[in-house]
Amino acid sequence: MTKQISSDIKSPTSNSLIQPKAPVHWTLMSCFILVVFFNLCLYAQVLTVGLAYFYNPEWWQVHVWLVRGYSGLSLILLAWVYLIIVPLRVRYLTTSLPVLLGLQFLTIHLKTPIPLAIIHPLIGFSLFSVSTTLVHRMSRFLFPKTDVID
């Protein structure tokens with residue numbers, strides 16, 4: 001037996017099975033765009049550190065410039081997700097962005113007997129993972145699937 005999509009799509013005048021999607025509020029869409037932009041900045045970070053290491057060390061300055069330029073976005077996003085209605089998971093992921101960025105700054109700038117810089121790439125990987133997951137969570141929240149299967 002196979003599941004069948006209701007033949008099921010009733011006429012527009014009756015109670016329809018597929019509800020029209022409500023337009024996404026501009027505050028949610030703006031937040032989503034900022035989350036995507038933040039994620040793209042992280043892609044640029046990974047690209048520039050790779051270019052600096054494997055191609056030309058002068059790219060390191062671009063890597064540093066980028067992080068100084070976009071790290072403030074994490075604080076804007078943090079404030080934003082507490083002003084709008086989003087799932088708790090989105091809030092948790094957004095809260096972890098400035099925390100991880102702070103750890104990134106600490107591990108690169110603190111001079112300790114044990115070189116904390118060795119965990120800098122691992123924290124960067126976590127930051128990248130959290131940001132990508134945040135993009136997916138926000139997109140699933142804003143654009144839910146409308147498939148109706150009985």
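**Entry 1: a helix pair.** I began with the crossing of H3 and H4, which is left-handed. This is a predicted model, so I read every value below as computed. I got an angle of about 155 degrees for the packing of H3 and H4, and their axes lie 9 Å apart. Since angles over 145 count as roughly antiparallel, H3 is therefore roughly antiparallel to H4.

Next I listed who meets whom. H3 brings Ser74, Leu75, Leu77, Leu78 and Val81, and these meet Val90, Arg91, Thr94, Thr95, Leu97, Pro98 and Leu101 of H4. I sorted the residues of this contact into 8 nonpolar, 3 polar and 1 charged.

**Entry 2: the core.** Which residues have the most contacts inside the largest nonpolar core? I found Phe38, Tyr70, Leu77, Val86, Leu97, Leu134 and Met138, in a core of 28 residues. Helices H1 (26-54), H2 (59-70), H3 (72-81), H4 (88-109) and H5 (120-142) each supply at least two of its residues. H1 gives the most, with 8 residues.

Setting aside neighbours within four places in sequence, I saw Met138 in contact with Leu28, Cys31, Phe32, Val86 and Val90.

**Entry 3: a glutamine in H4.** My last stop was Gln104, which sits in helix H4. Is Gln104 buried or exposed? Its relative accessible area is 11%, and the cut-off for buried is under 20%, so I noted Gln104 as buried. Not counting residues up to four places away in sequence, Gln104 touches His120, Ile123 and Gly124.

Definitions and conventions. Residues numbered from 1 in each chain as written. Predicted model: local features only at pLDDT ≥ 70, side-chain atom pairs only at ≥ 80, totals over all residues. Heavy atoms only, no water. Core = buried A, V, L, I, M, F, W, Y, C linked by side-chain atoms within 4.5 Å. Buried < 20%, exposed > 50% of the residue type's maximum accessible area, 1.4 Å probe, protein only. Helix = DSSP H or I, 4+ residues; strand = E, 2+ residues; numbered from the N terminus. Contact = heavy atoms within 4.5 Å. Axes fitted to C-alpha atoms, helices over the stretch in contact; angles between N-to-C directions. Parallel < 35°, antiparallel > 145°, perpendicular 65-115°, else oblique. Left-handed = near helix turned anticlockwise from the far one by under 90°. Nonpolar A, V, L, I, M, F, W, Y, C, P; charged D, E, K, R; others polar.
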